[in-house]
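Q: Please take me through how to read the features of a helical model.

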Amino acid sequence: MSIRAPRKGENYELSVDLNSEYRDKRKDAIKKVIASMTVGKDVSGLFPDVLKNMQTDDLEQKKLVYLYLINYAKTQPELVILAVNTFVKDSEDPNPLVRALAIRTMGCLRAEKIIDYLCDPLQRALKDDNPYVRKTAALCVAKLYDLKPELVVDNGFLEQLHEMISDSNPMVVANTVAALTDIHTIATSGHPPPSPSDPVIFNITSSILNKLLIALNECSEWGRVAILNALSRYNCQDEKESEHICERVVPQFQHVNGSVVLAAVKVIMIHMRGIQREDLAKQLIRKMAPPLVTLLSSPPEVQWVALRNVNLLLQKRPDLLSSEMRVFFCKYNDPLYVKIEKLDIMVRLANDNNVDALLSELKEYASEVDVDFVRKSVKAIGQTAISIESSAERCVNVLLDLIATRVSYVVQEAVVVMKDIFRKYPSTYEGVIPTLCANLEELDEPEAKASLIWIIGEYAEKIDNGDELLSTFVDTFTEESYQVQLQTLTAVVKLFLKKPDSSQGVVQQVLNTATKDCDSPDVRDRAYIYWRLLSTDPGAAKAVVLAQRPPISIPRTTVPPALLEELLGEISNLASVYHKPAETFIGHGRISADSVQRQGSELSDDRSTAQKVLQTVVAGQQAENLLDLDDAPTEEGPSGLAATQILPSTPSAANFLLETSTNPLDDLVSIFGGMSASGGGSGSGDASADGGLGGLGGMDSFGAISPTSGNVTSPLDRLGSPTTAQKPQEDLLGLF
């Protein structure tokens, strides 16, 4: 009976193969190691064995070993130093691919111990005869500056980069521009910022401008993007220079790469600001349209980025794609995020000439299966009606056709849209109100209910059974959402002011319910204000509740003008996709161990400051209580800031002191948490009609109203007065 040998494991077998005497076996083992590394397996233990295979004439094997070194250099910094001799030797290899590979890998290792050995090979590479080595070395300087800026400055690498802008090879020029731009960005994000004459600042002069424009048409797409980004930073001296840049950049619109196209659009939009000739500006805008349309045939993700940028461009130049609406029509297989962006752009492009085609398309979209897309389509019909007055009647007819389908979510969105149309064109489309009211039973969403209630209240004098319709909402008042409660309250008061004889019971019921049974302080406060207005001054009530509202409109831009100009300078970057400045989602500077320690010390300083503040408050507990406004001394316990003697005894205070609280109100609870329902209430007595709260008549400090008497001769006199809903202290403590 034979005994099986213990299994050594996969890494052991790879180690044996890496040390094999056969070249093919070693190469296969390296491929297996790279495959394991790619899928996330830890093969860092094979570092010495892989390192032995660096010295080889096989370029493929050398690339694999270098790839392994880049991945594990951080975890094995002591062993990386063993590779230095091979790197230095490879940097002098006759083959330019090997020289460039050695320089690139040394720059990517990001290991402190190897940086000092990089300077001499990098000096030679920057002056190499082969342009491939020079362009690789240019990018290596930027990587080295990110690791150790003083080393780049001391060795004169920056001056060499500035000289390389005059290189005869366009790819070297492009990589040099990319490296200088990166160094410029890193240097200017630090504190304090460098002086303008410092070599780290990449100032583009007129001579550099000409070299960049010459290299632009000759380099790869990555190089073109780098050069175009640099051109967007250039400050033109006069209008002629702006025109010259635009003319040289326009051919880039024909490039197959979308990033190059958007970068070219950015340069044109920036330098068009300096062009006074209107005919040239229109010509440039006309040339910009076809490449933007071409981007819409890209994959969905690229399409969406293009659409977000087009959205920005249209806010600045509405005439950019005025005759191209049909290319934005949604396809059946477009993802939802693309469809929604296209809808927004179609509404922006709508005008008297194409509105019929747009409405036909939107009506078709409203029969789709995607509920979110259907809602957006119905909303787009309303936006079209508001922005183009001549098309409003056609939009209303389309909405009526959609309501006739009796599809719940379509009807509800159509009711919301009709409310906006009534706001824009008051007393114009009153004939559709019966149709809307007939669909009352279909509504179950708060926004739709609130919209219909607003319409009923606004046109209460023209709806015969308005009181009956509103009564259905009053009966279920406490069960509705706050949005519906607020609209019901206002609509009933409007109804009462317009038809006082037939709606007194409804208004009394809704005011009683809102002040006694409602949980929302907003609803209660509005009910108290309406009650005060109705019981004291009906004229003022009409002036407030039935006041004329200005018609609504849709703004042409969704971002402020100053921000729009900034975002147009960021086209093809994330800022133009998010429609937000870069600083709102990208941090500044590099995070180092020093900055982390500094943040930790600042955090401990903040905690000690909080402790001192709380101790100061406690120490002042015997001070005069500024919150006690009564003349007579009270026998009760301290209130307000003087109550902080109980501060350490409450759980919330303890949590606040220990920095373990997750409740933002705990710091308030720690001060007021010791007050009982019977204590601290001395200042909550009723105010008289001429009391210290001037302007609110008989409203006491917690909102309870005691209506004053008056000589009013109208059905309004029969309204009762509101009662205080709860004890004031219970209301306050209920917040905590």
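Q: What should I know about the model and its numbering before starting?
A: This is a predicted model in which local features need pLDDT of at least 70, side-chain atom pairs count only at pLDDT 80 or more, and totals for chains, interfaces and linings use all residues. Residues are numbered from 1 along each chain as its sequence is written, and side-chain values use heavy atoms, with hydrogens and water left out.

Q: How many helices and strands are in the protein chain?
A: Helices (H or I, at least four residues) and strands (E, at least two) are DSSP runs, numbered from the N terminus. The protein chain has 37 helices and zero strands.

Q: What share of the residues counts as buried, and what share of the contacts joins residues 24 or more positions apart?
A: Buried means under 20% relative accessible area, exposed over 50%, and partly exposed in between (1.4 Å probe, protein chains only). By that rule 44% of the 736 residues of the protein chain are buried. Contact means heavy atoms within 4.5 Å. Among contacts in the protein chain with a separation of 6 or more, 65% are between residues 24 or more positions apart.

Q: How is the packing of two helices described?
A: Two packed helices are described by the angle between their axes and the distance between the axes. Axes are lines fitted to C-alpha atoms, for helices over the stretch in contact, and angles run from 0 to 180 degrees between N-to-C directions. Take helix α14 (residues 206–216) and helix α16 (residues 239–249): they pack at an angle of about 15°, and their axes are 10 Å apart. α14 is therefore roughly parallel to α16. Angles under 35 degrees count as roughly parallel, over 145 as roughly antiparallel, 65 to 115 as roughly perpendicular and the rest as oblique.

Q: Which residues make the contact of α14 with α16?
A: From α14 they are Ser-206, Leu-209, Leu-213, Ile-214 and Leu-216, and from α16 they are Glu-241, His-244, Ile-245, Arg-248 and Val-249. Six of the residues of this contact are nonpolar, two polar and two charged. Here Ala, Val, Leu, Ile, Met, Phe, Trp, Tyr, Cys and Pro count as nonpolar, Asp, Glu, Lys and Arg as charged, and the others, Gly among them, as polar.

Q: At what angle do the axes of α9 and α10 cross?
A: Helix α9 (residues 119–126) and helix α10 (residues 131–147) cross at roughly 140°, and their axes come within 8 Å. The two helices are therefore oblique to each other. α9 contributes Leu-122, Ala-125 and Leu-126 to the contact, while the α10 side includes Val-133, Ala-137 and Leu-144. The contact of α9 with α10 has nine nonpolar residues, no polar ones and one charged.

Q: How does the reach of α20 compare with the expected value?
A: The expected span of a helix is 1.5 Å times one less than its number of residues. Helix α20 (residues 336–349) has 14 residues and reaches 20 Å from its first C-alpha to its last, close to the 20 Å expected. Ten of the 14 residues of α20 are buried, including Val-338, Leu-343 and Met-346. Their cover includes α19 (300–316), α21 (355–365) and α22 (371–387).

Q: What do the buried residues of α15 pack against?
A: Helix α15 (residues 221–232) is mostly covered, with nine of its twelve residues buried. The buried residues of α15 pack against α13 (170–188), α14, α16 and α17 (258–271).

Q: Is Lys-494 buried or exposed?
A: Lys-494, in helix α28 (residues 482–498), is buried at 5% relative accessibility. Leaving out residues up to four places away in sequence, Lys-494 touches Trp-454, Gly-457, Glu-458, Val-545, Leu-546 and Arg-549.
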